[in-house]
Each structure stands twice: as structure tokens, then as C-alpha cells.
Amino acid sequence: VIDKGTQFVEYNLEKKYNHFKAVIVRPSTWDGSTKVKVVVYGDGKELFNSGNITRANEYKNMIDIDVTDVAVLKISVQGSSSKYRSLHVANAALYLK
């Protein structure tokens with residue numbers, strides 16, 4: 001879903017999982033003005049925030065969070081330009097309880 005500069009996806013976990021891992025991959029094609037952040041929510045509560053990701057900065061590229069008792073997991077990518085859509089959250093894995 002895309003909504004006012006934010007792209008997100010929601011997953012119904014039904015409280016069956018206890019761990020979520022993924023890798024944030026920044027493309028090399030960004031220009032200097034692109035700013036993006038990835039935020040992961042569990043039942044509306046923020047569980048992970050990458051902070052601003054730009055072409056040149058260091059950033060938290062590993063998502064490794066506890067999702068015990070989370071019913072709905074939301075992964076949100078927020079950006080300052082349309083190039084935020086080229087950011088990838090890859091190798092995502094959920095681990096059963």
C-alpha cells in the first residue's frame with residue numbers, strides 16, 4: 001500500500017511467531033537528496049526504526065526483532081522522494097514459537 005510518501009505492507013501473524021529477521025538493501029542509484037527510513041510496527045507499537053538512510057550514511061541494515069504475541073506486523077518505508085520505492089527489505093524470515 002502507498003499512502004502519502006509511505007509504502008507499507010501488513011502481515012497477520014496471529015501471535016504464532018516469536019522472531020522476525022530481514023536485511024535492508026539500499027540501491028546504489030540514489031542521488032544525494034534521497035532520505036528513507038524503515039519502521040516496523042507490531043500491533044501499532046514501534047519495534048524497529050532504521051533512522052534516516054541516505055546514499056552515503058551508515059545505517060542499521062539488519063532487522064532482528066522479537067515479535068512474540070504480535071498479531072499484526074507492519075513494515076513501513078517512508079521517503080522524501082519517489083526513489084524510496086527502490087529500497088528493499090530482503091531475506092525476510094519469521095520464526096515459529
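Modeller: Strand 4 and strand 5 make up a hairpin with 2 residues between them, and Asp-43 in the turn has a positive phi of about 50°. Please keep in mind that this is a predicted model.

Biologist: How many bridges join strand 4 to strand 5, and which way do they run?
Modeller: There are 4 bridges between strand 4, which covers residues 36-42, and strand 5, which covers residues 45-49, and the two run antiparallel.

Biologist: And which residue in strand 5 is the bridge partner of Val-39?
Modeller: That is Asn-49, which is the bridge partner of Val-39.

Biologist: Staying with strand 4, is Val-38 buried or exposed?
Modeller: Val-38, which lies in strand 4, is buried, because its relative accessible area is 0%, and buried means under 20%.

Biologist: What does Val-38 touch, leaving out residues up to four places away in sequence?
Modeller: Its contacts include Ile-24, Phe-48, Ile-63, Leu-87 and Val-89, and Ser-76 is also among them.

Biologist: How far apart are Val-38 and Ser-76?
Modeller: They are 38 residues apart in sequence, while from C-alpha to C-alpha they are 5.6 Å apart in space.

Biologist: Where is the place of Ser-76, then?
Modeller: Ser-76 belongs to strand 7, which covers residues 72-79, and Ser-76 is buried, with a relative accessible area of 2%.

Biologist: Which side chain does Ser-76 join in a polar contact?
Modeller: The side chain of Ser-76 is joined to that of Gln-78 by a polar contact of 3.2 Å.

Biologist: Changing topic: what is the order of the strands in the open sheet?
Modeller: The open sheet has 3 strands in the order 6-3-8, and their pairing is antiparallel.

Biologist: Why is one side of strand 6 and of strand 8 left without a neighbour in the sheet?
Modeller: Strand 6 (62-66) and strand 8 (88-96) stand at the edges and each has a single partner strand, so one side of each has no neighbour in the sheet. From one strand to the next, the twist averages 15°.

Biologist: Over how many bridges do strand 3 and strand 8 pair?
Modeller: Strand 3, which covers residues 17-25, pairs with strand 8 over 7 bridges in the antiparallel sense. Within strand 8, Ala-90 is the residue that stands opposite Val-23.

Key
Residues numbered from 1 in each chain as written. Predicted model: local features only at pLDDT ≥ 70, side-chain atom pairs only at ≥ 80, totals over all residues. Heavy atoms only, no water. Pairing = 2+ DSSP bridges. Axes fitted to C-alpha atoms, helices over the stretch in contact; angles between N-to-C directions. Buried < 20%, exposed > 50% of the residue type's maximum accessible area, 1.4 Å probe, protein only. Polar contact = N/O pair within 3.5 Å; in protein donor to acceptor, adjacent residues only side chain to side chain. Contact = heavy atoms within 4.5 Å.
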